[in-house]
Amino acid sequence: MLVFNNIENLQQHLSSLPINNLIGFVPTMGALHKGHLSLINEACIQNDIIVVSIFVNPTQFNNPEDLEKYPRNLQTDLALLEDTNCDIVFTPSIKEIYQSDITSKNFNFDGLENQMEGKHRKGHFDGVGTVVKRLFEIVNPTNAYFGKKDFQQLQIIKKLVQQSNFNIIIHGCEILREEDGLAMSSRNVRLTDAQRNAAPFIFESLKRTQSMFKYNSIQEINTWIKDVVDKNQHFSLEYFQIADEDTLREAKEKELNKKYRAFIAINAGEIRLIDNIGL
Ligand code: AMP
């Protein structure tokens, strides 16, 4: 496994590979867990070379404290990657990616960016769009892998590829969960024991939403979820939204032939957790 922190050296190496090699790319912010590794496993099936990037992107954090406290452990990450089929790790510095201008470009993703995470984390998707576009230009992969854990991000990256005419296939990978149902996340290590023990509640509520969706109105589900989160001493609800999977617009009524998903963002003290489920 080769580790590069410099764009020029990375590109020199990539251009020395056989021209017909398929390159699979997995962008991450590090603090790797099995969820990230599942993306790498998926990439291994379809590619000759696997590139993983580790870069905590400052422009996608709307909250400076969240950025500061974001877990970083490069040595542990590299050790974990050694045990996978990852061929290349790209760990650029902020300067390497942004030079001296650490700002985002403004994107219009046909309104996808204004829903949910976009509404609650101002500028978040401009930051994501800026860094992913830059990474795609640097790595120029055949395939790129993103988790459905960040379903809105996945839809936005698909739109970015379309709008920028990148010749990259975007793959959405299933959410990996702990045995008790909590979606794996780099932020989970920041939970207190009490919060961690209570956290399966999030996925349990989503599963209940899924079964309620057959017989209850969206209005009834919205009221129910507000009520159960209100009663839970560990969490406060930032948003819950049942949305059309394609437009991500909030659904008020169920319509035939549309695919819906339920999205939730919950705060456990200062730690923000998100999850979603297909309905
Ligand atoms: P992050 O390091 O949080 O930016 O995540 C990097 C990639 O891993 C993103 O595409 C995430 O959606 C994906 N990811 C994070 N957690 C999970 C999970 N539990 N299951 C599947 N994919 C995940």
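Modeller: Helix H5 (94-98) and helix H7 (124-139) each supply at least two residues of the lining of the largest pocket. Helices (H or I, at least four residues) and strands (E, at least two) are DSSP runs, numbered from the N terminus. This is a predicted model, in which local features need pLDDT of at least 70 and side-chain atom pairs count only at pLDDT 80 or more, while totals for chains, interfaces and linings use all residues. Residues are numbered from 1 along each chain as its sequence is written, and side-chain values use heavy atoms, with hydrogens and water left out.

Biologist: Which residues line the largest pocket, and what makes a space a pocket rather than a cavity?

Modeller: The lining consists of Ile-97, Tyr-98, Gln-99, Asp-101, Thr-103, Lys-105, Phe-107, Thr-130, Lys-133, Arg-134 and Glu-137. On a 1 Å grid over the protein atoms alone, a pocket is an open set with protein on both sides within 12 Å along at least five of seven lines, whereas a cavity is a set of points where a 1.4 Å probe fits but cannot get out; lining residues have an atom within 4 Å of a point. H7 gives the most to this pocket lining, with four residues.

Biologist: How is the volume of the largest pocket defined, and what is its value?

Modeller: Grid points are joined across faces, edges and corners, and a volume is the space filled by probe spheres set on the points. For the largest pocket this comes to about 210 Å³.

Biologist: What classes of residue make up the lining of that pocket?

Modeller: Three are nonpolar, three polar and five charged. Ala, Val, Leu, Ile, Met, Phe, Trp, Tyr, Cys and Pro count as nonpolar, Asp, Glu, Lys and Arg as charged, and the others, Gly among them, as polar.

Biologist: How many cavities does a search of the whole structure find?

Modeller: There are two of 30 Å³ or more. The largest cavity has a volume of about 880 Å³. Of the 48 residues that line the largest cavity, Met-29, His-36, Lys-149, Asp-150 and Gln-153 are the closest to its centre. H7 provides the largest share of this lining, six residues. By class, the lining divides into 24 nonpolar, 16 polar and eight charged residues.

The second largest cavity has a volume of about 50 Å³. E9 gives the largest share of its lining, three residues.

Biologist: Which space does the ligand take, and what makes a molecule count as sitting in a cavity?

Modeller: The ligand takes the space of the largest cavity. The criterion is that more than half of a molecule's atoms lie within 2 Å of the grid points, and the ligand is therefore assigned to the largest cavity.

Biologist: Which residues come nearest to the ligand, and what makes a residue near?

Modeller: A residue is near if one of its heavy atoms lies within 4 Å of the molecule. Of the 17 residues around the ligand, His-36, Gly-147, Asp-150, Leu-176 and Met-184 come nearest. H2 contributes the largest share of this shell, three residues.
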